[in-house]
Amino acid sequence: EIVRTTANRSAGLPPDGAKHAFRDVSGNRRMVVADATGRRLNAVTVPPGQVLLGWAGASKLLTMATGTLRRLRAISLPDGASRTLFESTAFAAGPIWSRDGNTVSIIHGTGTCEFRMMKGDGTLVRTVPLPRGCGDSPAWTGDERSIVFAGFPPDGPGMITAIDVATNQTKGLRERPGADRGWTLHGEV
């Protein structure tokens, strides 16, 4: 069943699964928030240069600028207030929120990389050095004990890597097949 025709792919569902967000078909920077039937609940305007990435809990949208300056923002619903959580000229990829919406994590760095965990207001909680280079496409495991990402080390083949959140230990799980950097985490690793 088609719920709504959109101008971009959806940001996915928030943890409560009750709504979704998408760019309005008018082509402007307006993002529509709708319920599961496609009925509009709210709309916010995303700042120029920002792309919609997903949800922070059930009440904030997550956006990121990917040009020269990487800027991660959270847009509050329903008032549309925007707050910068992270800003850097270095590489930054894959911001993901914990299921409880309390922390956001991002892969960051130039040359040497790290995984940064921040509170919802952008305050740094901790960093985990990534000894084998940067990566992208992070995802939480089903038990939320680890974050898995597609790594691309400078000295070898791509590697699906896990970070144990409790110990900050990283572990290579398997080589990524071919040159494809895209992957999807299905179930637990």
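**Confidence, cavity and disulfide in an all-strand model**

Among the elements of the protein, strand β4 (residues 50–56) has the lowest mean pLDDT, at 76. Strand β11 has the highest, at 87. Over residues 179–189 the pLDDT is below 50. Beyond near neighbours in sequence, that stretch has 19 contacts in the model. Where pLDDT is low, the predicted coordinates should not be read in detail. The structure is a predicted model. Its pLDDT averages 76 over the protein, and 83% of the residues score at least 70.

The protein has 15 strands and 0 helices. Of its 189 residues, 46% are buried. Contacts were also examined by distance along the chain. Among contacts with a separation of 6 or more, 28% join residues 24 or more positions apart.

The cavity search came next. Rolling a probe the size of a water molecule over the atoms shows where empty space is left. The count comes to 1 cavity of 30 Å³ or more. The largest cavity holds about 40 Å³ of space. Its lining consists of F115, M117, R126, V128, I147, I163, D164, V165 and N168. Of these lining residues, 6 are nonpolar, 1 is polar and 2 are charged. Three strands each supply at least two residues of the lining: β10 (112–119), β11 (124–130) and β14 (159–164).

The phi of N168 is positive, at about 65 degrees, although N168 is not a glycine. N168 lies in the loop between β14 and β15 (170–175). With a relative accessible area of 28%, N168 is partly exposed. A positive phi is found at E144 too, near 55 degrees, and E144 is likewise a residue other than glycine. E144 is placed in the loop between β12 and β13 (146–151). Its relative accessible area is 27%, so E144 is partly exposed.

The structure holds 1 disulfide. A disulfide is a covalent bond between the sulfur atoms of two cysteines. Here the bond joins C113 to C134, with an S to S distance of 1.3 Å. The angle about the S-S bond is -55 degrees, and the link is left-handed. C113 lies in strand β10, whereas C134 lies in the loop between β11 and β12 (135–140). The pair therefore ties together parts that are 21 residues apart in sequence. Both C113 and C134 are buried.

Strand β10 also contains R116. The relative accessibility of R116 is 17%, and because buried means under 20%, R116 counts as buried. Along the chain, R116 and I106 are 10 residues apart. Their C-alpha atoms are separated by 5.3 Å. Not counting residues up to four places away in sequence, R116 touches F86, V104, S105, I106, H108, L124, R126 and T127.

S105 is buried, with a relative accessible area of 0%. Leaving aside neighbours within four places in sequence, S105 is in contact with G94, P95, I96, F115, R116, M117 and I147.

S137 has a relative accessibility of 31% and counts as partly exposed. S137 and F149 are 12 residues apart along the chain. The C-alpha atoms of the two residues are separated by 5.5 Å.

Methods: Residues are numbered from 1 along each chain as its sequence is written. This is a predicted model: local features need pLDDT of at least 70, side-chain atom pairs count only at pLDDT 80 or more; totals for chains, interfaces and linings use all residues. Side-chain values use heavy atoms; hydrogens and water are left out. On a 1 Å grid over the protein atoms alone, a cavity is a set of points where a 1.4 Å probe fits but cannot get out, and a pocket is an open set with protein on both sides within 12 Å along at least five of seven lines; lining residues have an atom within 4 Å of a point. Grid points are joined across faces, edges and corners, and a volume is the space filled by probe spheres set on the points. Helices (H or I, at least four residues) and strands (E, at least two) are DSSP runs, numbered from the N terminus. Ala, Val, Leu, Ile, Met, Phe, Trp, Tyr, Cys and Pro count as nonpolar, Asp, Glu, Lys and Arg as charged, and the others, Gly among them, as polar. pLDDT is the predictor's confidence in each residue, from 0 to 100. Contact means heavy atoms within 4.5 Å. A disulfide is a pair of cysteine sulfur atoms within 2.5 Å. Buried means under 20% relative accessible area, exposed over 50%, partly exposed in between (1.4 Å probe, protein chains only).
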